Amino acid sequence: PIDLDMDLRHRAEAHDHWVGGRLSAALASWEAQRAGPQNSLESAMVAEALADDERPDAELWIDLHEMQDPIEAAAIRGRLRWRQRRLAEAAAELEKAFVGYRTNAWPMPQIMRRALIIAEFTAAEEPELAPRLWASVSEPFAVKMMDEQRRKSAIAIARRMPGGECNQTVIRALEGFEPWFPWDESLLRLRLRCHGEVSSVFAGAAFRDLADYMKEQPETLLLK
């Protein structure tokens with residue numbers, strides 16, 4: 001409504017930014033109003049936004065939210081540790097969150113989805129942590145929550161493990177998608193490359209699927 005109270009408008013903006021993953025904008029909108037969190041969603045939102053900004057009070061907010069949802073708190077603390085470049089601690093917190101998520105489907109998908117991305121970043125920056133992070137996402141979450149993204153993150157993390165980009169863990173993870181492979185160009189190219197290297201029975205399908213994908217891509221409207 002055009003006559004919406006300004007504080008409430010800022011709160012609504014904070015929610016919108018947070019859902020969209022714009023954490024710095026969410027924090028700015030939140031701090032433009034005066035009220036404190038009214039529910040567990042808002043306490044998680046504030047904790048995650050503060051963690052992403054490395055604020056000194058992020059630890060306090062994460063500890064407070066831990067009493068309401070320890071899995072979400074571990075995921076958020078993992079983000080804070082990643083921001084602080086304490087990567088081994090980040091991996092430990094993310095591992096705790098993902099293992100907990102295997103038996104509890106209630107943590108908010110926005111938080112857990114972003115935690116998977118942080119796990120990918122952590123593995124890329126510190127490959128020695130990749131096996132530990134891969135193990136934490138190698139099993140399904142409760143009721144198959146975010147299963148495709150979990151499996152994609154597992155592949156991204158596995159690519160950082162010893163043995164090169166097409167190591168055996170990556171190949172097994174790619175095979176796990178068969179025969180309904182995701183229509184994702186980067187994954188389709190990785191599938192073709194890896195199955196080609198080992199002369200896999202899936203190499204032919206990998207070639208055909210990538211060719212079909214590229215054939216269906218729209219023509220660019222930009223001048224060449």
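1. Buried means under 20% relative accessible area, exposed over 50%, and partly exposed in between, with a 1.4 Å probe and protein chains only. By that definition C166 and C194 are both buried.

2. This is a predicted model, in which local features need pLDDT of at least 70 and side-chain atom pairs count only at pLDDT 80 or more, while totals for chains, interfaces and linings use all residues. Residues are numbered from 1 along each chain as its sequence is written, and side-chain values use heavy atoms, with hydrogens and water left out.

3. The structure has one disulfide (a pair of cysteine sulfur atoms within 2.5 Å). C166 and C194 form the disulfide, with their sulfur atoms 2.0 Å apart. The link is left-handed, at -80° about the S-S bond. C166 sits in the loop between α9 and α10 (168-175) and C194 in helix α11 (residues 185-197), so the pair, 28 residues apart, links distant parts of the chain. Helices (H or I, at least four residues) are DSSP runs, numbered from the N terminus.

4. In helix α8 (residues 130-137), the buried residues are A130, L133, S136 and V137. They lie on the same side of α8 because they cover an arc of only 125° around the axis, the arc being that of the directions from the helix axis to the C-beta atoms. An α-helix has 3.6 residues a turn, so residues three or four places apart point the same way. Among the elements that cover the buried residues of α8 are α6 (87-101), α7 (109-125) and α9 (147-158), where contact means heavy atoms within 4.5 Å.

5. L64 lies in helix α4 (residues 58-66) and is partly exposed, with a relative accessible area of 38%.

Technical notes:
Helix = DSSP H or I, 4+ residues; strand = E, 2+ residues; numbered from the N terminus.
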